[in-house]
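This report describes selected local and sheet-level features of a single model. The sequence and coordinates are shown first, and the discussion follows.

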Amino acid sequence: MDRYSRQIVFSGLGRIGQQKLLESTVAVVGLGALGSVAANLLCRAGVGHIRLIDRDYVEKTNLQRQILYNEQDAEKRCPKAVAAFNHLRNVNSEIVLEPVVAELGAVNIGQIFENADLVLDGLDNWETRFLINEVCHQSGIPWIYCAALGSETMLMNLLPNKDCPCLRCFLSPESGSAAGQSCATAGVLNMATGMIAAVQVAEAVKILTESASEIRNGLFVADLWNNRFKTIPIEKDSDCPICVHRRYEFLNRSGGSRVTRICGSNSIQVSPSKPVQLPLETMAKQLAKNTDNKTKIELHPFMLNFDNGQNCIQIFQDGRVIIENARDETEALSLYSEYVGL
Ligand SMILES: [Zn+2]
């Protein structure tokens, strides 16, 4: 407990609050600009079990705002969940850190959120947010929506166990995706992501320690560049498909889109048509045997990456493949069948 003394002495938390944090499990989904700040703060604050979930690997353009990574991680294209784990275990070795290199989908989300007391959104896409909204409503897990673009950020506590509004009460999948902007086109400031992720962790600590009267209500919107900070009250929608009708359309979909462009990069991701676990070590050996010496092959936990001179290809253990600089979706799919064949 001594390492947390500066936090325990804070009257809002105390020894009891700290004990609650140590007994909590938090799933951080997405370890980019928001998730890397959130995971860092949760780890130092002594949340006892942190699940670090991300589908992607580190690139040099991430380093401007994703504070858990360094140039070596980008050079090696290390999976973010693994790089985050490697960094954070040296920060706090007394808690459980669990890296999960996977894309959340209807098939695996139940298992990945198992025993979680709280879920933090650090995502860059709406499809997964609506999926989280459904699964958290179904299982009564609180989650904190958080998003950033340019200098604008927003956040809201979504507490299905307290009968509060859900994400679908004020956002529809159509309005979510209609924004159509990404951090590659509109940019994103590290001060903005750092600030809103800190607000998210403050709310997380209040929720986990059951500091009910301090927990924020409504949609918090902050724009650091234009000096605008406001809270918009949100009402429960009396016709909400989730809260009222319990229609879990994202959860009941058999699979998401098979080919997706990764937000903020010129990479294309292809997902397997059914759940798989690829034997990456064997694949690395076969690749080394069947390709020339110029092909660079690197094996990481949960990921294999190689560069054949034309394309840089990341193969994940869960069957996903990310292809950098693929011309189009057809080329991405043909490379997928060439190397993974599913
Ligand atoms: Zn709702």
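This is a predicted model: local features need pLDDT of at least 70, side-chain atom pairs count only at pLDDT 80 or more; totals for chains, interfaces and linings use all residues.

Asp-318 is placed in the loop that links strand S13 (312–316) with strand S14 (321–324).

The side chain of Asp-318 makes a polar contact of 3.0 Å with the side chain of Arg-320. When residues up to four places away in sequence are not counted, Asp-318 touches Val-101, Ala-102, Glu-103, Pro-272 and Val-276.

## The eight-stranded sheet

An open sheet is built from eight strands in the order S3-S2-S1-S4-S5-S6-S7-S8, with mixed pairing. Strand S3 (96–101) and S8 each have a single partner strand and stand at the edges, so one side of each has no neighbour in the sheet. On average, and with direction ignored, neighbouring strands of this sheet are turned by 15 degrees against each other.

Two helices pack on this sheet. Helix H7 (residues 126–139) touches strand S1 (25–29), strand S4 (118–121) and strand S5 (143–149), and its direction makes about 165 degrees with that of S5. Helix H10 (residues 190–208) touches S1, S4, S5, S6, S7 and S8; the direction of H10 makes about 10 degrees with that of S6.

## Pairing around strand S7

Strands of a sheet pair through backbone hydrogen bonds, in either a parallel or an antiparallel arrangement. Strand S7 (residues 219–223) runs antiparallel to strand S8 (residues 228–232), and five bridges join the two. Within this pair, Val-221 stands opposite Lys-230 of S8. S7 and S8 form a hairpin with four residues between them, and Asn-227 in the turn has a positive phi of about 55 degrees.

S7 also pairs with strand S6 (residues 152–158), in the antiparallel sense and over four bridges. Here Glu-152 has Asp-223 in S7 as its bridge partner.

## Aromatic pairs and cluster

A pair of aromatic rings is described by the distance of the centres and the angle of the planes. Four aromatic pairs are found in a search of the whole structure. One of these pairs is that of Phe-130 and Phe-250: the ring centres lie 5.6 Å apart and the planes are at 20 degrees, so the pair is stacked. Because Phe-130 lies in helix H7 and Phe-250 in the loop between S8 and strand S9 (259–261), the pair ties together parts that are 120 residues apart in sequence. Phe-130 is buried at 1% relative accessibility, and Phe-250 is buried with a relative accessible area of 8%.

The rings of Phe-306 and Tyr-339 have centres 4.8 Å apart and planes at 70 degrees, so this pair is edge-to-face. Phe-306 belongs to strand S12 (residues 303–307) and Tyr-339 to helix H12 (residues 329–339), so the pair ties together parts that are 33 residues apart in sequence. Phe-306 is buried, with a relative accessible area of 0%, whereas Tyr-339 counts as partly exposed at 21%.

## Charged groups over aromatic rings

One aromatic cluster is formed by Trp-126, Phe-130, Tyr-145 and Phe-250. Which residue lies over the face of Trp-126? Arg-129 takes this place, at 4.7 Å from the ring centre. The ring of Phe-130 has the charged end of Arg-168 over it, 5.8 Å from its centre.

Conventions
Residues are numbered from 1 along each chain as its sequence is written. Side-chain values use heavy atoms; hydrogens and water are left out. A polar contact is a pair of N or O atoms within 3.5 Å; within protein, one must be able to donate a hydrogen and the other to accept it, and residues adjacent in sequence count only if both atoms are side-chain atoms. Contact means heavy atoms within 4.5 Å. Two strands pair if DSSP finds at least two bridges between them. Axes are lines fitted to C-alpha atoms, for helices over the stretch in contact, and angles run from 0 to 180 degrees between N-to-C directions. Rings of Phe, Tyr and Trp (its six-membered ring) pair if their centres lie within 6.5 Å; planes under 30 degrees apart count as stacked, over 60 as edge-to-face and the rest as tilted. Buried means under 20% relative accessible area, exposed over 50%, partly exposed in between (1.4 Å probe, protein chains only). A charge sits over a ring if NZ of Lys or CZ of Arg is within 6 Å of the ring centre and within 35 degrees of the ring normal.
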